[in-house]
Amino acid sequence: MGSFRHNNGICPEPEPDTGGWGVQIDESEFPVMKKKPSRAYLTWEDIGVSVSSSNSVGKEEILTGVTGYAKPGEIVAIMGPSGCGKSTLLDSLAGRSASNIRCSTGRVLINGRQQRLTHGTMAYMAQEQNLTWTLTVKETVYYSAELQLPKLMPKSEKRQRADRTIREMGLQDCVNTRIGGWGNKGLSGGQRRRLSICLELLTHPKILLLDEPTSGLDSAASYYVMKQIVKLTHEYQMTVVVAIHQPSSQVFGFFDSLCLLSLGKEIYFGHTFAANQFFAVHGFPCPDQQSPADHYLMTINTDFNDQDTVGENNPVEQVIDKLAESYKSSDIYKNVRCEIATLCRSEGDVIERKGSLQANFFTQCLVLSERSFINMYRDLGYYWLRLGIYIGLGLALGSLFYQIGSGYDSIGARISMIMFIAAFLTLLAIGGFPSFVEEMKVFHWERLNGHYGVGAYVISHAISSTPYLIAISVIPGAIAYWLIGLQQDPSLFIYFVLVVFVSMLWVECLMMLVAAIVPTLLMGIISGAGIIGLMILGAGFFRLPNDLPYFFWKYPMYYISIHRYALQGLYKNEFKGLKFPEYLGGPVTIDGEMVLSSALHIEMGHSKWIDLGIMFAMAVAYRIMLFCTIKAIERVRPIIKASMSCSTLRS
Ligand SMILES: Nc1ncnc2c1ncn2[C@@H]1O[C@H](COP(=O)(O)OP(=O)(O)OP(=O)(O)O)[C@@H](O)[C@H]1O
Ligand SMILES: [Mg+2]
C-alpha cells in the first residue's frame, strides 16, 4: 500500500496544493506562505538504547542496532511483543528519550541531515495521553487548532479543519463529552486515543509518529482510523511511523514497511509483503489460516515462554537470536542499508519550523488564558475548594477573634491573628498542587510538540488565575476583617486584601516553579511545603528580627522571605494609629507605633506600601524565574543526556 516512489536523490518536487507543514493553503490568500513544501525522509541507523540496571553489569540494553527508514507518503509499522522496545524506538526517533536513559547511540537523520525533530517539526502521539480532563472533545480540538494552525488562516477555516478531523476520527457523537479523569468518567479509552490522534493530525505534519493509535479500539474502529491516517498520509505526503499491537489483517495491509522487534533486537525491516517469505525461508512459514501479523508475534513472543509456540527443542530466545542473525546477514538488510545510503547521500531540505506558521504570541496568550480559565472553573480542586476552605477559615478567625477591641490583650491577639493570615494561608495553596501538575503535564507535552511558547504559557496562566485569586483574597478577607473588627477604614481594608492577594500570587508561582522542577506529585508537595515552612520561620515572628541568628536565618532568609514583608505590611496597616491602655489600666497609653518598633522590631523607616511593592516584585520575579527555569530545563536536559551518552561510550 502507499505511494511508493523511488527517488535517487532526496526531496522530490513539492506537491502544488500543500503548504510547508502540509497545511492546505490558498497562496493567493496567504502570500507570506509561498514556500516550497518540504518532504521528510526519515532514516535511523544502529539505534542502541540502554538504561542503568541494578545488576553487576550496570547497564541493560533496551534496543540494539535497529536500522530502518520511512519515506513520505508511506507508513512504517513497528511491531513486536509488549516490552520489546517499540515506544523506546519511537522516543529515539522523536529525540525524547526518558531522563534515565544511560546511553543512546546511532543516527537519526531527516533528509540526510541531523535536524531537531522536537519543538514543532513533527507530531508525536505517545502511548500515554496528556489531555486537559475538564474540557470537551470539541473544546480540546478547537483550542488546539487555534494554537497550531497558521496565524493567517481565518478562525472559521480553523474550526472547519477541527470539525473535519473530529469526523475523520469518528468522534462526532461525543463532541460535547468531557474527557474526564480523577474519578469523573468521560471519554472511553479508545475515544481518548482517537482524540489524541486528532490533535496530532490537525496540521498534517511532515513526520507523524503514533504510538499504538489503535489500542483500545475494536477492529472496525481500528480499520477506519487507520484508513483515515493512510488517506492523509497519501494526500499530504506525510512520513508516518506507527507502533502497533496485533493489527487485523486489513489494518496490516495498510502498512508499506514493517519493523519487527523482539527483546530490543531487530528481527526484520523491509516491505510488509516480503516478511512472509523471510519467515518461511528461516523455518517459520505462516500457516494458511493464520494472519501473518499474528504469526510473527506468536513466533517472537518471549513473555509466555511456552514450548507449544515454536517446538520443543527450540526456546523462543534461540529463535529470536537465529532470526535476528539471519536478518542481519540477509540481502534484505543489505538493501535497507543501500536505501539509507541513497537517501542520505545528498543532503536534502531542512524541514522548516512550524513557528512561522503558528498562531502569533497574542493569540497564543488569549487562547491559553481562555482554556486555562475554563479548566480552573471546572476543576473543583483548583480554586473552588480552596475558596470554600478560606471562607471557612475566615469565619473561624472571625469567631475566634470576634470584635477584638483595643484593650491591652488585643495587642497579642492582633499579632497572632496577623501571623496566621500572612503565613498559614499561603501554606494552604499547596492543596492546588495536583491540579498544577496535571496542567504542567499537558503543557510539557504540547511544548514538546511545539504548539506554543513558554512565555505565552507563563503569561496566560497569570491572566487566567488572577480572577480566582482576587475572589480567594477578597471574600474570606472581608469576612474575617469585619468580624474581627480591625480598623474600620476602607483604605486599610484594601491594603489588607492586597497583601493577601499578592501572597497568593507569589505562592502560586512558587508551586508552579516546584512543579516544573520536581518530577512527582508527592515530592512536589513535600518540597513546596518545606520551602514555605522555611520562609515562615525566617519571617521574624517565631524569633524577632533582631534575635535571628545571622547565619542563614538573618542572611539571607529574613530578606528573601515574602512572609516578612507581608507581616510587616499588615502590622503597620493595623497598629499605626491605634492606642492601647497600659497594663492594669493606668493613665498612660501605648502607641501602636511603639508596639511595632519596640515589641516587634519592625523597621519604621519605610512605608507599608514599600513592603507591598517588594512583595509584588517578588511575585513577578518568581514568574520570571519560572520562565527561565522551564527554558533552562529544555536547554540543559539534552546537553546532560548527550554528555551521559558520551561518557558511557567512552567507558
Ligand atoms: N526509561 C526506562 N527505564 C528503564 N527501563 C525502561 C525504560 N524505558 C523502557 N524500559 C524497558 O525497556 C523495555 C521496552 O520498553 P518499551 O516501552 O519501549 O516497550 P514497548 O514495546 O513499547 O511495550 P508495550 O507494547 O507494552 O508498550 C521494557 O522492558 C521496559 O521496561
Ligand atoms: Mg509501548
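The model is predicted. The chain holds 22 helices and 13 strands. Of its 651 residues, 44% count as buried. Among contacts in the chain with a separation of 6 or more, 76% come from residues 24 or more positions apart.

**Ligand 1**

- Ligand 1 is surrounded by 15 residues, and the closest are Ser82, Lys86, Ser87, Thr88 and Ala98.
- The element that gives the most to this shell is helix α1 (residues 86-94), with three residues.
- By class, the shell around ligand 1 has five nonpolar, nine polar and one charged residues.

**Helices α12 and α16**

- Helix α12 (residues 361-378) packs against helix α16 (residues 454-484) at an angle of about 40°, and their axes are 8 Å apart.
- The two helices, α12 and α16, are therefore oblique to each other.
- The crossing of α12 and α16 is right-handed.
- On the α12 side, the contact is made by Phe361, Gln364, Cys365, Leu368, Ser369, Ser372, Phe373 and Met376.
- On the α16 side, these residues meet Ala456, Tyr457, Ile459, Ser460, His461, Ile463, Ser464, Ser465 and Tyr468.
- Sorted by class, the contact of α12 with α16 has 10 nonpolar and seven polar residues, and no charged residues.

**Helices α17 and α20**

- The axes of helix α17 (residues 490-517) and helix α20 (residues 562-575) cross at roughly 170° and come within 10 Å.
- Angles over 145 degrees count as roughly antiparallel, so α17 is roughly antiparallel to α20.
- Helix α17 contributes Leu492, Tyr495, Phe496, Val499, Ser503 and Trp506 to the contact, and helix α20 contributes Ile562, Ala566, Gly569, Leu570 and Asn573.
- The contact of α17 with α20 has eight nonpolar and three polar residues by class, with no charged residues.

- Arg164 is placed in helix α3 (residues 155-168).
- Arg164 counts as exposed because it has 12 C-beta neighbours inside 10 Å, and 12 or fewer is the cut-off for that class.
- Arg164 and Cys198 are 34 residues apart along the chain, and their C-alpha atoms are separated by 9.7 Å.
- Thr520 is placed in the loop between α17 and α18 (521-537).
- With 9 other C-beta atoms within 10 Å, Thr520 is exposed.
- Thr520 lies 86 residues from Pro434 in sequence, yet the two are 9.8 Å apart in space, C-alpha to C-alpha.

**Backbone details**

- The peptide bond that runs from Tyr555 to Pro556 is cis, with omega near 15°.
- Pro556 is part of strand β11 (residues 555-556).
- Gln246 is not a glycine, but it has a positive phi of about 45°.
- The loop between β7 (239-243) and α6 (249-252) holds Gln246.
- Gln246 has 15 other C-beta atoms within 10 Å and is therefore partly exposed.
- Leu263, a residue other than glycine, also has a positive phi, near 50°.
- The place of Leu263 is the loop between β8 (257-262) and β9 (265-271).
- Leu263 has 21 other C-beta atoms within 10 Å, so it is buried; the cut-off for that class is 20 or more.

Notes: Residues numbered from 1 in each chain as written. Chains lettered and ligands numbered in written order. Predicted model: local features only at pLDDT ≥ 70, side-chain atom pairs only at ≥ 80, totals over all residues. Axes fitted to C-alpha atoms, helices over the stretch in contact; angles between N-to-C directions. Helix = DSSP H or I, 4+ residues; strand = E, 2+ residues; numbered from the N terminus. Parallel < 35°, antiparallel > 145°, perpendicular 65-115°, else oblique. Left-handed = near helix turned anticlockwise from the far one by under 90°. Contact = placed C-beta atoms within 7 Å. Nonpolar A, V, L, I, M, F, W, Y, C, P; charged D, E, K, R; others polar. Near = placed C-beta within 6 Å.
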